[in-house]
Amino acid sequence: MRTKVCIIGGGPSGLLLSQLLQLNGIDNVLLEKHSREHVLARIRAGVLEHGFARLMDEAQCGERMQREGQVHHGFFIAHDGRLDRVDLHKYSGGGSVIVYGQTELTRDLYEARDRMGGIVIHEASDVQLHDLAGDRPSVTFRKSGADERVECEFVIGADGFHGVSRKSIPAGVLREYEKVYPFGWLGVLSRTPPVSPELIYVKHERGFALCSLRSPTLSRYYIQVPLSDRVEDWSDDAFWDELKRRLPPEVAARLITGASIEKSIAPLRSFVAEPMQYGRLFLAGDAAHIVPPTGARGLNSAASDIYYLSRALIAYYKTGDESGLRGYSERALSRIWKAQRFSWWMTKLLHRFPDNGDYDQRLQQAELAYLFSSERALGSLAENYVGLPY
Ligand code: APR
Ligand code: PHB
């Protein structure tokens, strides 16, 4: 098989790029390790920047998101006996975010690929990347017992943190930066009305909690748990009891609980690999960087990579201009590191760190007290949460 761009990974990054390239006449083939059902069964975050929404519109996949997504102009932070609201609209100069689940967004992208007759190969196993340093790279894989090869001009590694692309770069080329946090998030999805129309981030002495939502009838809640906890240890009742303990009493009193539809524990990690390019391989999304979910930056950071990368590839194929491709890694990383900083700051602000002494806890309180007493501090939080410009 021959194509211009071979994309590895059928998550939001790979699908969005595939769609944008085809709309600009650039042939591409997408290889995904799992079945579509498997990919669409994953529950991930759901807060989108408007820059992401614009890219979805440009990719002709934004219609359902515009219709069903909820625009949020603020969120709450519960801390130290208070429930303070961050007015995103006021403090970011008119900004907001769109609450729309990543699972739904991924479904929209798959449906758009189907409509355009895009080549998406599921259950591609043993994917291997070849000749990345030359100008005729290729990708081999197995599908239904047969060996296949894609000959291409560029390879895009959009295969997430555990994918094969980043690992195919020779040792010594990449520099990796990592911070692993000493706790995880236990998340529950339930078919219950959300406790609040806007998200509530909770800092509590028993640990962080988050009340989020997917729709007026579907809620998503999280609690911070030790890394040693296993999901089997947490019955639904134990989860709701612990969540209620951490919520402000007036919020706990109106929480409607129900059976969990999904329950999982995610570790928290910060990670960046530099540069995001090796020869004809370009990395995008979780393949190159991870943030803890506290600032809702993960999916949005993937989107800005795809913005820069789609522009660069389109310019290259339309005019032969290579400058966008040469500058991709630097441009993408400059925004990525700001999202890293913000995610780390939100995580540090709101979680209970097992090694923190009294002094650190008082500092955390002072940081929150300062935040809600300073319009400039709120402005900084709001402009990062709605998304820095591309
Ligand atoms: N070959 C082919 N596909 C692979 C391989 C491989 N060796 N390894 C992984 N994949 C696939 C995964 O099955 C997954 O569907 O690559 C896809 C990567 O998708 P994501 O992990 O969703 O990563 P990305 O598309 O960059 O999405 C950005 O934003 O909210 C965050 O972490 C969240 O997934 C989210 C991310
Ligand atoms: C979610 O709804 O899953 C969610 C929302 C905001 C976050 C993280 C996760 O910061």
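Which helix gives the most residues to the shell around ligand 1? Keep that in mind while you set up the view.

This is a predicted model, in which local features need pLDDT of at least 70, side-chain atom pairs count only at pLDDT 80 or more, and totals for chains, interfaces and linings use all residues. Residues are numbered from 1 along each chain as its sequence is written, chains are lettered from A and ligands numbered from 1 in the order in which they are written, and side-chain values use heavy atoms, with hydrogens and water left out.

**Stop 1: ligand 1**

Select ligand 1 and its shell. The shell holds 25 residues, the closest being Ser 13, Glu 32, Arg 42, Arg 44 and Asp 286. A residue is near a molecule if one of its heavy atoms lies within 4 Å of it. Helix 9 (298–319) and helix 1 (12–23) each supply at least two shell residues. Helix 9 gives the most, with 3 residues. Helices (H or I, at least four residues) and strands (E, at least two) are DSSP runs, numbered from the N terminus.

Now show polar contacts (pairs of N or O atoms within 3.5 Å; within protein, one must be able to donate a hydrogen and the other to accept it, and residues adjacent in sequence count only if both atoms are side-chain atoms). The side chain of Ser 13 places an N or O atom 2.7 Å from an oxygen atom of ligand 1. For a polar side-chain atom of Glu 32, the distance to a ligand 1 oxygen is 2.7 Å. For an N or O atom in the side chain of Arg 42, it is 2.8 Å. Taken alone, ligand 1 exposes 710 Å², and the protein buries 90% of that. Accessible areas come from the Shrake-Rupley method with a 1.4 Å probe; for residues, only the protein chains shown count as cover.

**Stop 2: ligand 2**

Move to ligand 2. It has 14 residues around it, with Tyr 201, Ser 212, Arg 214, Tyr 222 and Pro 293 nearest. Pick its oxygen atoms. One is 2.5 Å from a side-chain N or O atom of Tyr 222. For Ser 212, the corresponding distance is 2.6 Å. For Arg 214, it is 2.8 Å. On its own, ligand 2 has 280 Å² of accessible area, and the protein covers 99% of this.

**Stop 3: the largest cavity**

Hide the ligands. A cavity is a set of points, on a 1 Å grid over the protein atoms alone, where a 1.4 Å probe fits but cannot get out; lining residues have an atom within 4 Å of a point. Grid points are joined across faces, edges and corners, and a volume is the space filled by probe spheres set on the points. The largest cavity has a volume of about 110 Å³. Its lining includes Trp 185, Tyr 201, Ser 212, Arg 214, Tyr 222 and Pro 293. Strand 15 (residues 209–215) provides the largest share, 3 residues.

**Stop 4: the second largest cavity**

Select Glu 49, Arg 297, Arg 335 and Lys 338, which are among the residues lining the second largest cavity. Its volume is about 70 Å³. Helix 10 (323–350) and helix 9 each supply at least two lining residues. The largest share, 4 residues, comes from helix 10.

**Stop 5: strand 13**

Finish on strand 13 (residues 175–190). It runs antiparallel to strand 17 (residues 260–274), joined by 13 bridges. Find Arg 175; its bridge partner in strand 17 is Glu 274. Strand 13 also pairs with strand 16 (residues 218–225), antiparallel, over 7 bridges. Two strands pair if DSSP finds at least two bridges between them. Here Leu 189 stands opposite Arg 220.

How values were computed:
On a 1 Å grid over the protein atoms alone, a cavity is a set of points where a 1.4 Å probe fits but cannot get out, and a pocket is an open set with protein on both sides within 12 Å along at least five of seven lines; lining residues have an atom within 4 Å of a point.
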